[in-house]
Amino acid sequence: MKRIGVTGHRSIPAAALPHVLAAMKALLCGHEETMEALSSLAEGADQLFADIALDCGAELTVVIPSGDYEDGFEDPEALAGYLRLRDRASQEIRMAFPHSTDEAYYAAGVYIADNCDRLLAVWDGLPARGFGGTGDIVRYARERGKPVTVIWRDGVERA
């Protein structure tokens, strides 16, 4: 079984979205071997990845950073997406953090990087805006020799 994990930005500009979606579909769909997709189901890249992976027949493993993770969703649609996708997961891993902190997010990202064969990063290439962000997880994975596929539209900046 091939295991693909995701790390990525919560906010993907409209100018980058079609490129990101097409690249995710190309990476996740059309394979003969069974796939497992690992995601924390955060708003943005994580949820897009999980939706596409499920549509392509992958099994979904959800990595929950903390006990109060759901409380961090400010957008009701993002929370609904998280709950819907979590319900479709074949496996759920919970980090041992009671509260959502940068350390909890980092631990979840490290778990995903450590437990996948390839890490897909929806990343603009800039340093993380807070500890445990996309740039930190990409650096962690690369330092350990994990294959990383970066998806981003050249010339597009995040807000």
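**Group meeting: helices, salt bridges and a pocket**

I start with α2, which is mostly covered, as eight of its eleven residues are buried. Buried here means under 20% relative accessible area, exposed means over 50%, and partly exposed lies in between, with a 1.4 Å probe and protein chains only. Helices are DSSP runs of H or I with at least four residues, strands are runs of E with at least two, and both are numbered from the N terminus.

Before going on, the basis. This is a predicted model, where local features need pLDDT of at least 70 and side-chain atom pairs count only at pLDDT 80 or more, while totals for chains, interfaces and linings use all residues. Residues are numbered from 1 along each chain as its sequence is written, and side-chain values use heavy atoms, with hydrogens and water left out.

Back to α2. Its buried residues are Ala45, Asp46, Gln47, Phe49, Ala50, Ile52, Ala53 and Leu54. They pack against β1, α1, β2, β3 (59–66), α3 (76–88) and β5, contact being heavy atoms within 4.5 Å. After α2 comes Gly57, with a positive phi near 90°.

Next, α1. This helix covers residues 17–28, twelve in number, and its first and last C-alpha atoms are 16 Å apart, close to the 16 Å expected at 1.5 Å a residue. The expected span is 1.5 Å times one less than the number of residues. Which residues of α1 are buried? They are Val20, Met24, Leu27 and Leu28. These cover an arc of only 85° around the axis, so they sit on the same side of α1; the arc is that of the directions from the helix axis to the C-beta atoms. As background, an α-helix has 3.6 residues a turn, so residues three or four places apart point the same way.

The face of α1 turned away from that buried side carries the exposed residues Pro18 and Ala26. The cover over the buried residues of α1 includes β1 (2–8), β2 (35–39), α2 (45–55), β5 (118–122) and β6 (148–151). Just after α1, Gly30 has a positive phi of about 85°.

Now α3. With 13 residues, α3 should span 18 Å at 1.5 Å a residue, and its end C-alpha atoms are 19 Å apart, which agrees. Ala78, Gly81, Tyr82 and Leu85 are buried in α3. Their arc around the axis is only 100°, which puts them on the same side of α3. Pro76 and Asp87 are exposed on the face turned away from the buried side. The buried residues of α3 pack against α2 and β3.

Ile12 is found between β1 and α1 and is buried, at 15% relative accessible area. Leaving out residues up to four places away in sequence, Ile12 touches Leu17, Val20, Gly44, Ala45, Leu48, Val122 and Trp152.

On to salt bridges. How many salt bridges are there? The count comes to nine, where a salt bridge is a side-chain nitrogen of Lys or Arg within 4 Å of a carboxyl oxygen of Asp or Glu. Arg3 forms one with Glu36, and the closest N and O atoms are 2.7 Å apart. That pair links distant parts of the chain, with Arg3 in strand β1 and Glu36 in strand β2, 33 residues apart. Arg3 is partly exposed at 24%, whereas Glu36 is buried at 7%.

A salt bridge also joins Arg94 and Glu92, at 3.1 Å from N to O. Arg94 is partly exposed at 44%, and Glu92 is partly exposed at 37%.

Arg139 and Asp136 form another, with the closest N and O atoms 3.3 Å apart. Both residues lie in helix α5 (residues 134–143), three residues apart, about one turn of the helix. Arg139 is partly exposed at 44% relative accessibility, and Asp136 is buried at 10%. Salt bridges that share partners also join Glu70, Arg86, Glu92 and Arg94 into one network.

Last, the largest pocket. Its lining has 30 residues, of which Gly8, Arg10, Gly132, Gly133 and Thr134 lie nearest its centre. A pocket, on a 1 Å grid over the protein atoms alone, is an open set of points where a 1.4 Å probe fits, with protein on both sides within 12 Å along at least five of seven lines, and lining residues have an atom within 4 Å of a point. β1, α4 (102–114) and α5 each supply at least two lining residues, and the largest share, five residues, comes from α4.
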